[in-house]
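Have the sequence and the 3D view open as you read.

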Amino acid sequence: MSLSFTPDELRFRDEVREFIAARLSPEMRRATSLSVSFFSDPDLVAPWQAALNERGWVAPGWPAEHGGPGWTATQRWIFESECSRAGAPQLSPMGIKMVGPVLIRFGTPAQKNFYLPRILSGEDRWCQGYSEPGSGSDLASLKTRAVRDGDHYVVSGTKIWTTHAHFANRMFALVRTSDEPRQQDGISFLLIDMDSPGITIRPILMISGDHDVNQVFFDDVRVPVGNLVGEQGRGWTYGKYLLEFERGGGVNSPKLRAALEKVRNLAGSDLSHRAIAYPEIAMRLSEIELDLQTLEFAELQVLSALQRGENPGPVSSLLKLRASEIHQAISRVGVDVVGQNLMVEERRRPLAALNEELLVSPEVLSVVPRHLNGRANTIFGGSSEIQRDIIAKQVLGL
Amino acid sequence: MDLAQSEAQQMLRHSIERYVTEHYDQQRRRQAAQDPGGFKRANWQAFADLGWLGLPFAEDVGGVGGGSVEVAILMEEFGRGLATEPFLGTVLLAGALIAKCGTPEQQAELLQPVIEGHTLLSFAHYETDARAGLSTVRTAALRSGSGWMLQGHKTNVLDGGSADSHVVSARLPDAEGGGIALFVMPKDAVGLTLRDAPRLGGGRVADLTFDHVVLASDARLGSSADEMTAIEAAIDRAIAAIGAEAAGLMRSMFEATLEYTKVRKQFGRPLSANQVIRHRLVDMYVQCEEAKAMASRAALMIDAEDVAIERSLVASGAKVKIGRCARNVAEQAIQLHGAMGVTDELDLGIYFKRLLVFEAMFGSVEYHLRRHVELLARSRPE
């Protein structure tokens, strides 16, 4: 058993550090640091993704034959850690971590050849069409219909909570293609061009004022049959595969570590009048630090198992549950750190672009919207209640 | 990075698992509690024969040369079986201090019989105000001819009553620097009074009074002007070890609770059919997993960290995190058992008491949270 990195892994870490130092500009760092949404602004991400793509580092989890770097699990963790530590913007997971792995596993050669390179280059921006009004956690009850008409499916219905639909040119969606006794059996996985006639996007503002999510309406939208992934009626299986990737495939602790460092630095600075001097703040920070160390170690155990070719088991729900709770604890202690200065509400974005003299600094202004947006953490991607149901069933046999 | 257990570690786990399954159950536990030391000598001898008593000691003193990972494997299983053998006091505290501070002669003379299972030791350090930090030592060591005379009082000595010798901390005279030194005191020393009592949840605990106890000069372990650093290190490592034990205790409580809620019916269906119960069980499970992860982390890092601050951060951090999880798992286990949970018929109460002892031993969760905060501030100069 060893927690330390091998010389090869240390060399790799240095290589990543050099790359970041050369390609991540101070402006990108500052803009990332002041961004308050889950997904970074696509304009901020684009140049960073281009730099990563030149190096072949956009999709750490993909096999080399499809443009992945062929890294070990430890290398992926090192890469994530170094990017988070340096304050690099997060690439959108929707192409790279969600639809990409599904296409690699279930897509036709034509789909792979067309879509995968465009995901890597950032030419395509994806959004996810899963939830519907009334079909959130109970996804199997979804009602958006796709009716076969010659070489097309005709899609009608609506999707909601669609993150970045307003930036996306493509959507991967779960749609109902038949009414089977078991609801899951009538669902198919469809790729939809967002510029197709009949699509309307309605923005939904978050309580912070941020525009991250949307409702998308489909009014007899014609989608070529070639855009079906896998078999008709098997979409539920592909969707579940994707969700497991979303929950367990990634590592969360490096991002959380960076977020906690940010709050700790704020607490130690004059911007918060050195809030860390108050024992209740310092003790809270220590408790979160320990929660995070625990999650970090659990993630490393999973990585270590993956690297040995073992299946880590149904641990992804546990990691998602704790990561989302820790995320909220971090943004919550941030609110305590800024104290009464939380009273200034700033709804203009991006915060990094605000140049005039402000009542409180952008660093302080970023705290509350981050906390507000962060409340969604235990709701999306399967709410905490759903994660607990999954653990109860799959792990505890209840 | 590789977090897999080595083949030897897996073998150790299997053998300790098997031993605990075969030798610990409610009936034998109740019998053992009637023995003078509160444990079965036969088990102790078996530990020696299996090589477990020499696990953390270096090979040149007859040990196995293992580390905290091996110790954690043992302790977790001891926790699951509610073992009461004095492994913590004898091997992990007194033994570790002799290994660290003793001269080669002292090590050879004192550790060999421990490893072979012939003698038991205790570490007598805490004094009446045990809440205070480790340096509250008023027991005095005065020069007496060529040797020493000890005067003072020690409390909360783990399994002191069964120890053949005690490792005692005492303050040196100002003329000799006023630091803390360690002495080995045989149980039959003249002027030593020992009173012992059953310990909450199993094992025993003692008070020691030294009234002009005279010791030969070679009773002092080594000759360092201050052994506080060694004591702190031994206790940090002991904290990591009892963290693993607590993880084992929690796991057993959780499994019993899971089983019970599946079987117990109310309003015509099992308790576990209720979502609120299921979710509570999931939270207990998550906390068991977290405690175990934190204990594993501590075991790995407590040996690797030779910087004192880092090592203490690991220990205090584990105490806080595991302590928080332990409290919740223990309380929920009782709650979900309903009235049965508060009866003496089940072992549940013993696990509960053992976890209370875990929380209090070597300083409370709050004490270690404050220590963690202070150490973190010192380790991150601004």
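Helix axes here are lines fitted to C-alpha atoms over the stretch in contact, with angles taken between N-to-C directions. Please keep in mind that this is a predicted model.

Let's begin where the two chains meet. Helix H9 (residues 279-307) of chain A and helix H11 (residues 365-379) of chain B have axes that come within 9 Å and cross at roughly 95°. Angles of 65 to 115 degrees count as roughly perpendicular, so that is how H9(A) and H11(B) lie to each other. From H9(A), the residues taking part are Ala282(A), Met283(A), Ser286(A), Glu287(A), Glu289(A) and Leu290(A); they meet Glu366(B), Leu369(B), Arg370(B), His372(B), Val373(B) and Leu376(B) of H11(B). Sorted by class, this contact has 6 nonpolar, 2 polar and 4 charged residues.

Now for chain B as a whole. Its fold has 11 helices and 9 strands, and some overall values follow.

| Property of chain B | Value |
|---|---|
| Span of the C-alpha trace along principal axes | about 80 × 55 × 40 Å |
| Buried share of the 382 residues | 57% |

The radius of gyration of chain B is 21 Å, which agrees with the value near 21 Å for a compact globule of 382 residues.

Finally, is Leu174(A) buried or exposed? This residue of strand E4 (residues 170-176) in chain A counts as buried because its relative accessibility is 1%. Its contacts beyond four places in sequence include Tyr130(A), Leu139(A), Leu142(A), Ile187(A) and Phe189(A).

Methods
Residues numbered from 1 in each chain as written. Chains lettered and ligands numbered in written order. Predicted model: local features only at pLDDT ≥ 70, side-chain atom pairs only at ≥ 80, totals over all residues. Heavy atoms only, no water. Axes fitted to C-alpha atoms, helices over the stretch in contact; angles between N-to-C directions. Helix = DSSP H or I, 4+ residues; strand = E, 2+ residues; numbered from the N terminus. Parallel < 35°, antiparallel > 145°, perpendicular 65-115°, else oblique. Contact = heavy atoms within 4.5 Å. Nonpolar A, V, L, I, M, F, W, Y, C, P; charged D, E, K, R; others polar. Buried < 20%, exposed > 50% of the residue type's maximum accessible area, 1.4 Å probe, protein only. Rg over C-alpha atoms; globule rule 2.2 N^0.38 Å.
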